[in-house]
Amino acid sequence: MSTIALIVNERAVQTAAEPRTSLADFVRDELDLTGTHLGCEHGVCGACTVLLDGVPARSCITYAVACEGAAVTTIEGLDEDQVTIELRAAFTREHALQCGYCTPGMLVSARDLVLRLPEADERLIRVGLSGNLCRCTGYVGIVRAVQSVIEHRRARDIAPEPNGGRNSLGPVGSGHSVRDGADQARPTLPMQSAQASPETAIGVDSIPDFTPATILQQHFSVKHPIEQVFAMFDDIPAVAACLPGASLTAPPNPRRVEGAIRVKIGPIAATFQGAARVERNAADMSGRIIGIGNDQRSRSSTQGEIRYRVVPVERGTGTRVDLSIGYTLTGMLAQIGRPGLVRELAARLIAEFASNLDRRLSGTVADAATAPGALNGRSLALGLLRARFKRWFGRFSSDKDRAA
Ligand code: FES
Ligand code: FES
């Protein structure tokens with residue numbers, strides 16, 4: 001499931017949706033906006049037409065998750081729209097509907113036509129509505145109704161709306177309406193309970209606890225005293241510098257960190273941007289980091305939790321770090337990131353993190369400039385890197401065995 005935030009009929013909506021859910025099913029099933037009808041479900045009949053960023057679009061072949069940030073207007077959202085009011089009256093007057101199944105989509109398309117083409121004649125109206133099929137074949141009445149609205153508006157000297165009232169050019173549903181000036185309308189109030197996103201997670205307390213879908217247990221050892229290692233975990237910039245692909249995006253404080261991490265799984269590269277809550281327990285030398293982040297490009301989001309505990313080994317001259325890593329991944333990366341691949345990715349991340357931590361504790365600083373780049377899941381699939389990872393893991397396991 002992906003959490004999507006969009007505006008439907010001028011109302012902020014933020015909720016979860018399967019990546020395969022169409023916009024039509026989303027508005028009908030999740031929001032009870034059943035005025036959007038489904039006919040062919042193949043993008044042919046136009047019954048499902050809605051406005052997406054002000055542009056008529058087939059909601060049956062538009063994924064809901066692709067509408068992140070977009071403004072969606074269904075027929076219900078046009079109740080008070082002046083052109084639609086005129087069209088409804090004209091449809092009644094001209095007997096432009098029989099069963100009425102095509103009518104919501106027909107009205108949405110007709111409204112766009114009226115706004116954009118104030119000079120349209122019968123031929124242009126027929127061309128403009130050719131993407132909307134009426135199974136009752138009542139086209140004569142429909143065309144007459146649209147034509148009468150256009151003529152009445154022309155007679156009243158009503159000027160056309162530039163670009164038909166569309167917010168901006170660009171791919172339908174690209175979210176231009178939000179980016180081009182309607183940012184104030186950005187959803188902030190979830191319509192129903194949903195996973196928090198970095199955009200809404202402002203305070204530390206708004207980063208929620210969660211139950212991870214996957215938990216990985218890892219450990220590594222370093223030849224440094226436990227106090228030094230535990231103190232290092234409190235140095236957020238140093239920890240971030242040790243983590244491959246990670247960077248801070250704001251000055252950290254002891255309880256909160258904002259940052260990004262670059263990963264590449266299969267063909268998809270993602271930069272998860274987010275925030276994390278930091279907890280530490282000096283009594284048992286443990287800590288917890290709970291974070292949330294998302295990647296706009298791949299429309300993927302993740303919640304993650306790292307629990308760590310440091311324990312002395314080798315009579316206090318060495319330290320073992322026990323890690324429990326839990327995460328839930330949603331969106332496109334979740335489709336591609338098979339558990340085995342993600343597990344290897346996490347293992348490599350930890351191995352490189354341990355190596356960098358060791359170097360830093362030894363005085364060989366691994367700063368952001370020398371830290372490795374994005375984690376690459378594809379490269380992990382290659383035997384060469386797999387062998388390299390195993391060498392790393394073997395070395396740390398040996399450390400542990402010697403220490404035990
Ligand atoms: S139901 Fe969408 S075009 Fe027919
Ligand atoms: S009025 Fe029945 S499908 Fe158009």
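Colleague: Where does Glu41 lie?

Modeller: Glu41 sits in the loop between α1 and β3. Keep in mind that this is a predicted model.

Colleague: Is Glu41 buried, exposed or partly exposed?

Modeller: The relative accessible area decides. Buried means under 20% and exposed over 50%. Glu41 has 46%, so it is partly exposed.

Colleague: Which loop holds Asp53?

Modeller: Asp53 is in the loop between β3 and β4, the latter spanning 55–58. Asp53 also has a positive phi of about 55°, although it is not a glycine. Its relative accessibility is 5%, so Asp53 counts as buried.

Colleague: What follows α1?

Modeller: Asp32 does, and its phi is positive, near 60°.

Colleague: Which residues of α1 are buried?

Modeller: Helix α1 covers residues 23–30, and its buried residues are Leu23, Ala24, Phe26 and Val27. Then ask what lies over them. The cover includes β1 (2–8), β2 (11–17), β3 (49–52) and β5 (71–73).

Colleague: Now the helix pairs. At what angle do α2 and α3 pack?

Modeller: Read the angle together with the axis distance. Helix α2 (residues 82–93) packs on α3 at about 120°, and the axes are 10 Å apart. That angle makes α2 oblique to α3. The crossing of α2 past α3 is right-handed.

Colleague: Which residues meet there, α2 against α3?

Modeller: From α2 come Val83, Thr84, Leu87, Arg88 and Phe91. From α3 come Thr103, Met106, Leu107, Ala110, Arg111, Val114 and Leu115. By class, this contact of α2 with α3 has 8 nonpolar, 2 polar and 2 charged residues.

Colleague: How do α3 and α5 pack?

Modeller: Helix α5 covers residues 139–155, and it packs with α3 at about 35°, with axes 10 Å apart. The crossing of α3 and α5 is right-handed. Met106, Ala110, Leu113, Val114 and Leu115 of α3 meet Ile142, Val146, Val149, Ile150 and Arg153 of α5. The residues of this contact divide into 9 nonpolar, no polar and 1 charged.

Colleague: What does Arg153 touch?

Modeller: Set aside residues up to four places away in sequence. Arg153 then touches Val83, Glu86, Val114, Leu115 and Ile158.

Colleague: Where is Arg116?

Modeller: Arg116 lies in helix α3, which covers residues 103–116. At 34% relative accessibility, Arg116 is partly exposed.

Colleague: Which side chain does Arg116 contact?

Modeller: For a polar contact, check the distance between the atoms. The side chains of Arg116 and Asp112 are joined by a polar contact of 2.8 Å. Next, compare sequence with space. Arg116 and Glu161 are 45 residues apart in sequence, and their C-alpha atoms are 6.4 Å apart.

Colleague: And the whole protein? How many helices and strands are there?

Modeller: The secondary structure comes to 12 helices and 13 strands. Of the 404 residues, 50% count as buried. For the fold, ask how far along the chain contacts reach. Among contacts between residues at least 6 apart in sequence, 64% join residues at least 24 apart.

Notes
Residues numbered from 1 in each chain as written. Chains lettered and ligands numbered in written order. Predicted model: local features only at pLDDT ≥ 70, side-chain atom pairs only at ≥ 80, totals over all residues. Heavy atoms only, no water. Helix = DSSP H or I, 4+ residues; strand = E, 2+ residues; numbered from the N terminus. Buried < 20%, exposed > 50% of the residue type's maximum accessible area, 1.4 Å probe, protein only. Polar contact = N/O pair within 3.5 Å; in protein donor to acceptor, adjacent residues only side chain to side chain. Axes fitted to C-alpha atoms, helices over the stretch in contact; angles between N-to-C directions. Parallel < 35°, antiparallel > 145°, perpendicular 65-115°, else oblique. Left-handed = near helix turned anticlockwise from the far one by under 90°. Contact = heavy atoms within 4.5 Å. Nonpolar A, V, L, I, M, F, W, Y, C, P; charged D, E, K, R; others polar.
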